[in-house]
Amino acid sequence: MKKDIASMTLGELSQEIAALGLPKFRSGQIYNWLHVKGVAAFGDMTNISNDLKRILNDNFVIFPCSIEKKLISEYDNTVKYLFRLHDGEYIESVVMDYKYGHTICISTQVGCKMGCIFCASTLGGFVRNLAPSEMLAQIYSAQNDLGIKIARVVLMGMGEPLDNYDNVMRFLELVSCENGVNIGMRKISLSTSGIVPRIYDLLEKHLQLTLSVSLHAPNDEIRSRIMPVNSKWGTDELLRACRIYADKTSRRISFEYAMLDGVNDSDACAAELARKLKGMLCHVNLIPANEVPERGHRRSNGERMASFAEILESNGITVTVRRSLGSDINASCGQLRRSVQKSL
Ligand code: SAH
């Protein structure tokens, strides 16, 4: 079986190149083509001889991540990609054009196991984990297509990053490598639905990334109804892990809170949330829930969101009400893949 060359660290690639009896400097060249230029084929490595290209082709594979569909928002330049992978599966990525540069939201799995009731990614069930190279390829394909350099990465697309832990950790090592695309840990956010043991594992690594936690409810009664993961690790257990994480890493946790009309958006919910987050190094991101037709929920109105935010703020919790970008192009998780699945 051919080896997945773009999932290798520079050290590993050097060993492979040496084992094939090739000169050492080749590994740096190849790594540069893969991770700085983001080429999708050995044939595009122009300073490499045909003989070497053949050897590479015989031993290694560059997994494709080709653009199947591309949607551009008329409102805010948000670009949404549907990428096709080597086995015919589809994943989504979104590029957002912020004042401080381009941010890409990437997928970490094809489908998802978590089953959150408001989310489109989980509708078709779980298919497979993405390889580290397939996470990187989303960045490279978008950069090459748009002619830009991505400044920030959020692991908030399809899938649960902490359910694909080893591949995500390797992705983080590769994406922040100085010889590669070199996006520093402080420019990366990882979002989890709350796999508590993996939060403790992540803590041990003391990474400088931002941990986002999809909380969406202040208590088990509501959270278990909308996020099945909560029946495994309850709200208090999750918040305890978050508190320890923030204390030990001195990194502010970002709590995601999608406002669902009549479900989790009451003033009482806000007060309970404020009480539970008191004193924690954290921030709450209120998001107007994206309405997914199959899901049937409604987003909270602006007035409700403002009242909720006000209660948090008056209790000393910092809050942002997130702008919803790309609403004309189904920019939220899983919606585009879903529409393609339905039309196939
Ligand atoms: N599995 C990870 C990351 C992917 S989801 C996680 O759960 O964090 C990225 C974010 O989008 C999560 O906060 C998720 O809860 C949120 N999300 C999913 N569907 C949504 C919807 N319909 N409206 C608003 N946010 C949604």
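**Around the ligand**

Start at Ser 214: one of its polar side-chain atoms sits 2.6 Å from an oxygen atom of the ligand. That's a polar contact, meaning a pair of N or O atoms within 3.5 Å. On its own the ligand would expose 530 Å², and the protein buries 93% of that (accessible areas come from the Shrake-Rupley method with a 1.4 Å probe).

Before going on, bear in mind that this is a predicted model, where local features need pLDDT of at least 70, side-chain atom pairs count only at pLDDT 80 or more, and totals for chains, interfaces and linings use all residues. Residues are numbered from 1 along each chain as its sequence is written, and side-chain values use heavy atoms, with hydrogens and water left out.

Now look at the ligand's nitrogen contacts. A polar backbone atom of Phe 118 lies 2.9 Å from a nitrogen atom of the ligand, while Glu 160 brings a polar side-chain atom to 3.1 Å from a ligand nitrogen. In total, 18 residues surround the ligand, with Phe 118, Ser 191, Ser 214, His 216 and Asn 290 the closest; a residue counts as near if one of its heavy atoms lies within 4 Å. Strands E10 (188-192) and E12 (253-259) each supply at least two residues of this shell (strands are DSSP runs of E, at least two residues, numbered from the N terminus).

Note on methods. Polar contact = N/O pair within 3.5 Å; in protein donor to acceptor, adjacent residues only side chain to side chain. Helix = DSSP H or I, 4+ residues; strand = E, 2+ residues; numbered from the N terminus.
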